[in-house]
Amino acid sequence: VSKNNGEHTAQKIEAVLTTLSSEQANFVEYLLLSEKNTVVARYDSTDTLLPGLVEKGLLQLPTGVGTVSLLKLTTTFRIPIAVWKALNGRRKTSLFEAPGTQSKRLLELKNQFKDRIDVLVESAAIASNG
């Protein structure tokens, strides 16, 4: 349960965030500004964005699904609840500080990633926890 909730990553969130590439940081910012913790996208091993965030513990694949069965298939990538809480707790830091207005920055990020994802959604677990 602890691993599924992402508590191991949440406990070291500062260290994990310092390892993000600019693109990865932008994507995490996009999820935070969108207030969505789940992305539906094709699993593409040639595009390192989402698999890289899975490797760092910021996103999770559905339980019981291996990457071999995902090749070129659409799946969900979810930010674990403990990680989501930790990220939202530090939204005002410079890493995720949006230049200009929040809606303008959200549009910039949406345009940056629109060809790589299908949709962002808010999971029921996040919605029920406010």
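**A close look at the sheet**

Tutor: Happy to! Keep in mind that this is a predicted model. Let's begin with the whole chain and then zoom in. The chain has 130 residues, and 41% of them count as buried. Its secondary structure consists of nine helices and three strands.

The three strands make up an open sheet, with antiparallel pairing and the order 2-1-3. Why does one side of strand 2 and of strand 3 lack a neighbour in the sheet? Strand 2, residues 74-78, and strand 3, residues 119-121, are at the edges, and each has a single partner strand, so one side of each is left without a neighbour there. On average, neighbouring strands in this sheet are turned by 25 degrees against each other, ignoring direction.

Next, follow one pairing up close. Strand 1 covers residues 38-42 and runs antiparallel to strand 3, with three bridges joining the two. For an example you can find in the structure, pick valine 39: its bridge partner in strand 3 is leucine 120.

Finally, step back to the chain as a whole. Among its contacts with a separation of 6 or more, 79% are between residues 24 or more positions apart.

How values were computed
Residues are numbered from 1 along each chain as its sequence is written. This is a predicted model: local features need pLDDT of at least 70, side-chain atom pairs count only at pLDDT 80 or more; totals for chains, interfaces and linings use all residues. Side-chain values use heavy atoms; hydrogens and water are left out. Helices (H or I, at least four residues) and strands (E, at least two) are DSSP runs, numbered from the N terminus. Buried means under 20% relative accessible area, exposed over 50%, partly exposed in between (1.4 Å probe, protein chains only). Contact means heavy atoms within 4.5 Å. Two strands pair if DSSP finds at least two bridges between them. Axes are lines fitted to C-alpha atoms, for helices over the stretch in contact, and angles run from 0 to 180 degrees between N-to-C directions.
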